[in-house]
Amino acid sequence: MKLHANNTQKYQTITAYDESGVEINAVRFNHSLVVLPETPPVAWPVSSFDELAPAHFEAIQAMQPQVVILGTGNTQRFVHPRLVSALTAVHVGVESMDNHAACRTYNILMAEGRKVALALIIGNQAA
């Protein structure tokens with residue numbers, strides 16, 4: 001799905017997404033990544049939901065987001081609270097949704113000026 005351009009060109013904006021990846025400012029990514037509005041996307045070493053570990057979320061917590069949108073692949077899955085304890089300990093919320101909804105939600109929150117982190121799992125999408 002292609003998205004419409006807006007006035008957020010200086011930020012990391014999701015410009016397209018599909019089942020196998022995402023475009024950020026028209027650059028294609030086919031691997032899991034973490035995206036924040038004002039910093040370049042970084043690779044996230046997660047290829048499936050089932051391999052998530054506390055260390056994956058501790059790395060995101062070090063980026064100091066206000067909220068984390070977790071894209072769990074083609075279907076929505078919910079992460080166990082013990083995995084995100086580093087984030088909840090500092091009052092950072094984590095919302096789980098499928099990747100398409102996560103991309104849309106990230107763009108909305110980013111456009112509102114929120115320091116949102118989008119953590120997308122792209123790869124083995126087996127549920």
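**Figure A. Ala26 sits in the loop between β2 (21-24) and β3.** You're looking at a predicted model, where local features need pLDDT of at least 70, side-chain atom pairs count only at pLDDT 80 or more, and totals for chains, interfaces and linings use all residues. Residues are numbered from 1 along each chain as its sequence is written, and side-chain values use heavy atoms, leaving out hydrogens and water. The helix and strand names follow DSSP runs (H or I, at least four residues, for helices; E, at least two, for strands), numbered from the N terminus. Now for the backbone: what is the phi of Ala26? It is near 70 degrees, a positive value in a residue other than glycine. Most non-glycine residues have a negative phi. With 58% relative accessibility, Ala26 counts as exposed. For that label, exposed means over 50% relative accessible area, buried means under 20%, and partly exposed is in between (1.4 Å probe, protein chains only).

**Figure B. Gln64 also has a positive phi without being a glycine, at about 55 degrees.** Find Gln64 in the loop between α1 and β6. Is Gln64 buried or exposed? Its relative accessible area is 59%, so Gln64 is exposed.

**Figure C. Asp18 and Arg28 join their side chains in a salt bridge.** The N to O distance here is 2.9 Å. To count as a salt bridge, a side-chain nitrogen of Lys or Arg has to lie within 4 Å of a carboxyl oxygen of Asp or Glu. The pair links distant parts of the chain, ten residues apart: Asp18 belongs to strand β1 (residues 14-18), while Arg28 belongs to strand β3 (residues 27-29). Asp18 is partly exposed, at 33% relative accessibility. Arg28 is partly exposed too, at 33% relative accessibility. By this rule, the salt bridge count comes to two.

**Figure D. Arg77 meets Asp50 in a salt bridge between side chains.** The distance from N to O is 3.0 Å. Where do these two residues lie? Arg77 is in the loop between β6 (67-71) and α2 (85-88), and Asp50 is in the loop between β5 (39-43) and α1 (54-61), so the pair ties together parts that are 27 residues apart in sequence. Asp50 itself is exposed, with 58% relative accessible area.

**Figure E. Three strands line up as an open sheet, in the order β1-β2-β3.** The pairing in this sheet is antiparallel. Strands count as paired if DSSP finds at least two bridges between them. The edges are β1 and β3, each of which pairs on one side only. On average, neighbouring strands of this sheet are turned by 20 degrees against each other, direction ignored. Look between β1 and β2 and you'll find four bridges, with Ile14 standing opposite Ile24 in β2. Helix α3 packs on this sheet, touching β1 and β2, and its direction makes about 175 degrees with that of β1. For such angles, axes are lines fitted to C-alpha atoms (for helices, over the stretch in contact), and the angles run from 0 to 180 degrees between N-to-C directions.

**Figure F. An open sheet of five strands runs in the order β5-β4-β8-β6-β7.** This time the pairing is mixed. Strands β5 and β7 (93-97) form the edges, each pairing on one side only. From one strand to the next, the twist averages 20 degrees. How many bridges join strand β4 (residues 33-36) to β5? There are three, and the two strands run antiparallel. Leu33 stands opposite Ala43 in β5. Helix α3 (residues 99-111) packs on this sheet, touching β4, β6, β7 and β8 (116-120), with its direction at about 165 degrees to that of β8.

**Figure G. The largest cavity has a volume of about 60 Å³.** On a 1 Å grid over the protein atoms alone, a cavity is a set of points where a 1.4 Å probe fits but cannot get out, and lining residues have an atom within 4 Å of a point. Grid points are joined across faces, edges and corners, and the volume is the space filled by probe spheres set on the points. Lining residues of the largest cavity include Tyr17, Asp18, Val22, His100, Cys103 and Leu120. The elements giving two or more residues to this lining are β1, β2 and α3. Which element gives the largest share? That is α3, with three residues.

Technical notes. Contact = heavy atoms within 4.5 Å. 1 Å grid on protein atoms, 1.4 Å probe; cavity = no way out; pocket = protein on both sides within 12 Å on 5 of 7 lines; lining within 4 Å.
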